[in-house]
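Subject: Handover of a structure and notes on it

Dear colleague,

I am handing over the structure below, together with notes on what was found in it. Please keep the structure open beside the text as you read.

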Amino acid sequence: MKSTPIEVNHTTKQGQAALWSKIVNKYVLEIILLVIILSMTFASPGFLTTDNLLNILRNMALQGCIAFGMTMVIIAGEIDLSIGSTVALTGVIVGLVSGWLSEAGWMGIDQAALVGIVVAFFAAGLLGLFNGWILTKYKLPSFIITLAMLNVIYGLAAVVSKGFPVTTLPSWYSVIGSGKIWSIPIPAIILLLVFAVVFVIMNHTKFGREVYAVGGNPESARLSGIHVTRVKIICMVAVQLCAALSGILVSSQVMSGSFNFGKGWEMLVIAAVIIGGTSLMGGIGKVWGTFIGLIFLGVLINAMVLLNINEYVQYIVRGLLILIAVLITAIQFQKKRAR
Amino acid sequence: MTRLETRSITKIYPGTVALQQVSASFESGKVHALLGKNGSGKSTLLKIFSGAVQPTSGEVVLDGTPLKFTDPSQAFAKGIATVYQELSLVPGMSVAENILLGRTPMRGPLVNWKQTYAKAKELMQELRVDIPADEMVYNLSVGQAQMIEIVKAMSFRPKVLQLDEPTSALAKNEVEALFAMIRELKKQDVIIIYVSHRLHELWEIADSCTVLREGQLIGTAPMAKLSRRELISMMFGDVEIRTRPSDLRRSERIVLEVKGLTRKNKWKDISFQLHEGEILGIAGMLGSGRTELLKSIFGAERFDSGEIMYQGECIPAPTPEKMKKRGFALTPEDRKQEGLIQIHSIRENLCLANFDQIRKGLFLDRQKELQLVDRQLTDLQIKVTDIEHPISSLSGGNQQKVVVGNWLNSNPRVIFFDEPTRGIDVNAKQQIFQIIWDQSRKGVSSIIVSSELEELLEVCHRILILRDGQIVGEYEPEELRMEDVYALSMGGEEREIDPDRG
């Protein structure tokens, strides 16, 4: 492609200004993040230490895993509000299954927990299938379906656990959530792995492009020979599997499964995705953006804790910053359109 | 009796003359059909009457008083009501509320429901419309909604009622009901201006017709004295039809055979064959089921019975996915809603149907993708400044080429073109034809559906006539004149009455 005059004139003042505005536009979130990190470094000496940074990653890992699955779902033009409950249910399932199997004497609790993990993933997968099936078969909005399922799954987790935390877990189980490899917390490693896998799927595979197409215009996608139903169902399953992973991480960190885990997480997860520039209308979004969105939220929460900001003020700041980030994306989009 | 006249109305848009010295007259108690093909200026005239557009020169005269409007509300106040194709009713309100929207009878601060319903009932009875006043509008059929829209317009006691394509979305029985209502309307002292693409209905409902072509008034004639052939030649004039290049051959080999395809209420027992390299046209009026036919064969819509054979092999339960794998392609009628993803880039849209072509094992190959994109940009002469720009930045013609290019990248053997030239300029049209011919030279077969029937004569080897859900004829373009194609597609008896072109 021929370069535009703007790009040619980098040496002139005008050209440079244009170039800068282009860069700022493209990396606005990254720049804001950098500014926060820099000012925090000066404001709080404890901030820019390896320990604290890894801490941020570990703290974000729980919701972060789900955010990548949610990115797929939102790009496909759907949403899943039920993930918080799935986090609770899967944690409970691992505990219950290992408890049952070991008490029945079928196997030691060490192996039983492994079976529990498999069952948890399986259950989450089924929930995703169910959401996807209702969604594609009856053409109901995923917002409504998963809002209903949020309650159903929450209740289910409470009923099967009889309302008590389930603590029948083997000691090795705590390694998943609290262990370290080369002094890097395992949840952080898992988070980076999920990021890498989803990044590759969405950017370098046929399926990823199909997700974008389906979210961009389902009818055009269908008439182009893309199996829209299948794509949507796979995305709905993927986010539930991510939630199961997160449920296992949480239950491992506290060594118990409870129906109260994951409550309200959907909002934080969706916020990270949206801050990252993914459009709730579907068809537009970046996995990298979600990663930045997660770090953004993580740094923000961490910074406010380090600065001893009142807990309730934290809510206000967090909410406002989410609003600002989304506003920036919206304004950029409108500018692009007006061009 | 009231009379609406236009006195040498001219409307000039930058670059085009939409109306040129048009002087026509319409009187009350009659249904006046306003006719002309796309771009003839009839919509402009409609808009001038409704106040949405002001004429460059000339004037509109109602009962001897010249009218000047600067916006539609003024035209409305002077008694010109227009009912548009897009219905403006509020779905979540009752019939009565819609008819009396903004002027419901009140009792203090509250709506007087008893009076509202009674008033609406009374207005409907005047036009013999029998729809419960408390029914919600979302429960109505399109035809019923259309009737309520007219009741609402008439409740303002207009002198002129403009109906823009009132039957285009209606089923047969609904058209009957609507016509019954329009006949009631004629008894009132109102001028009815009626615009429709469904020419065959005009003899049933219109008293006279006014024909425009390229912005000029061609003539006004009473419907009873006009034959179909005469009407068509008034509308279309003598169009020079070019023919396809002489080197285009079709082989004897049959690629696609459709046997007894039936879909309830759409079409019945459709059978035809498509040869290798052949360009087959399907001529039919809007609503003849032509789009649905293409989509059903392509597997994007259902059909009830019948067989689709490709290369001698029956394809059970086709889906777009399966058909693409077999070498089928479909460029849809509505390129914005069905052919392209408006928010995605030119590059992405050019590869929408080709993820398998750009795949290398598990992953996509950017290099291959760029090759495919470049190939189509060059072959189809698509003008772009940057392939990463959104597709919506391109002109209609270039967008259509992207739709076609997207499918050519999948190396199809059979391509269905649904309205390939809709909304694109003459130059781009010729380029699309060139593409279709080039594909034929490569042995690719095509089926083309177009509302501009004269285009089929220009492009195709063979033309099938689809009318009332059946194939009623098969012709070579050399055997046909344009009037024939329109007459055959519209059907009905030919009237042998002397021409009288007022």
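The notes below go through the chains, the domains, the sheets and the helix packing in turn.

Please bear in mind from the start that this is a predicted model.

**How the two chains meet**

The contact between the chains involves 18 residues of chain A and 23 residues of chain B. On the side of chain A that touches chain B, helix H10 (206–216) and helix H11 (218–223) of chain A each supply at least two residues. The most comes from H10(A), which gives five residues. Sorted by class, this side of chain A has four nonpolar, nine polar and five charged residues.

**The domains of chain B**

Chain B is divided into domain 1 (3–236), domain 2 (249–327 + 413–490) and domain 3 (339–411). Between the C-alpha centres of domain 1 and domain 2 of chain B there are 35 Å. Ten residues from domain 1 of chain B and seven residues from domain 2 of chain B make the contact between them. The side of domain 1 that touches domain 2 in chain B consists of three nonpolar, four polar and three charged residues.

**A sheet of six strands in chain B**

As a reminder, strands of a sheet pair through backbone hydrogen bonds, and they do so either parallel or antiparallel. In chain B, six strands form an open sheet with mixed pairing, in the order S6-S9-S10-S3-S11-S12. At its edges are strand S6 (80–83) and strand S12 (216–222) of chain B, and each of these pairs on one side only. From one strand to the next, the twist averages 20°.

S6(B) and strand S9 (residues 160–164) of chain B run parallel and are joined by four bridges. Within this pair, B:Thr82 stands opposite B:Gln162 in S9(B). Helix H5 (residues 142–154) of chain B lies across S6 and S9 of chain B, and its direction is at about 170° to S6(B). Helix H8 (residues 228–236) of chain B also packs on the sheet, where it touches strand S3 (31–35), strand S11 (208–213) and S12 of chain B. The direction of H8(B) makes about 35° with that of S11(B).

**A sheet of four strands in chain B**

Another open sheet in chain B has four strands in the order S14-S13-S16-S17, with antiparallel pairing. Which strands stand at the edges of this sheet? They are strand S14 (267–275) and strand S17 (313–314) of chain B; each has a single partner strand, so one side of each is left without a neighbour in the sheet.

The pairs can be followed across the sheet in order. S14(B) and S13(B) pair in the antiparallel sense over six bridges, and B:Glu257 has B:Gln273 in S14(B) as its bridge partner. The hairpin of these two strands has three residues between them, and in it B:Asn265 takes a positive phi near 65°. S13(B) also runs antiparallel to S16(B), to which five bridges join it. B:Thr262 stands opposite B:Ser305 in S16(B). Lastly, two bridges connect strand S16 (residues 305–310) of chain B with S17(B), again in the antiparallel sense. The bridge partner of B:Met309 is B:Cys314 in S17(B).

Helix H9 (residues 290–297) of chain B packs on this sheet and touches strand S13 (254–263), S14 and S16 of chain B. Its direction makes about 120° with that of S13(B).

**Helix packing in chain A**

Two packed helices are described by the angle between their axes and the distance between the axes. For helix H5 (residues 83–103) and helix H6 (residues 109–138) of chain A, the angle is about 145° and the axes are 7 Å apart. H5(A) passes H6(A) in a right-handed crossing. Among the residues of this contact are A:Leu89, A:Ile93 and A:Val97 of H5(A), and A:Ala113, A:Ile117 and A:Ala120 of H6(A). By class, the contact of H5(A) with H6(A) has 15 nonpolar, five polar and no charged residues.

H5(A) also packs with helix H13 (residues 265–275) of chain A: their axes come within 7 Å and cross at roughly 125°. This angle makes H5(A) oblique to H13(A). Here A:Ile83, A:Gly84 and A:Val87 in H5(A) meet A:Trp265, A:Glu266 and A:Val269 in H13(A). The residues of this contact divide into four nonpolar, one polar and one charged.

With kind regards

Terms used
Residues numbered from 1 in each chain as written. Chains lettered and ligands numbered in written order. Predicted model: local features only at pLDDT ≥ 70, side-chain atom pairs only at ≥ 80, totals over all residues. Domains from an automatic or database assignment. Contact = placed C-beta atoms within 7 Å. Nonpolar A, V, L, I, M, F, W, Y, C, P; charged D, E, K, R; others polar. Pairing = 2+ DSSP bridges. Axes fitted to C-alpha atoms, helices over the stretch in contact; angles between N-to-C directions. Left-handed = near helix turned anticlockwise from the far one by under 90°. Parallel < 35°, antiparallel > 145°, perpendicular 65-115°, else oblique.
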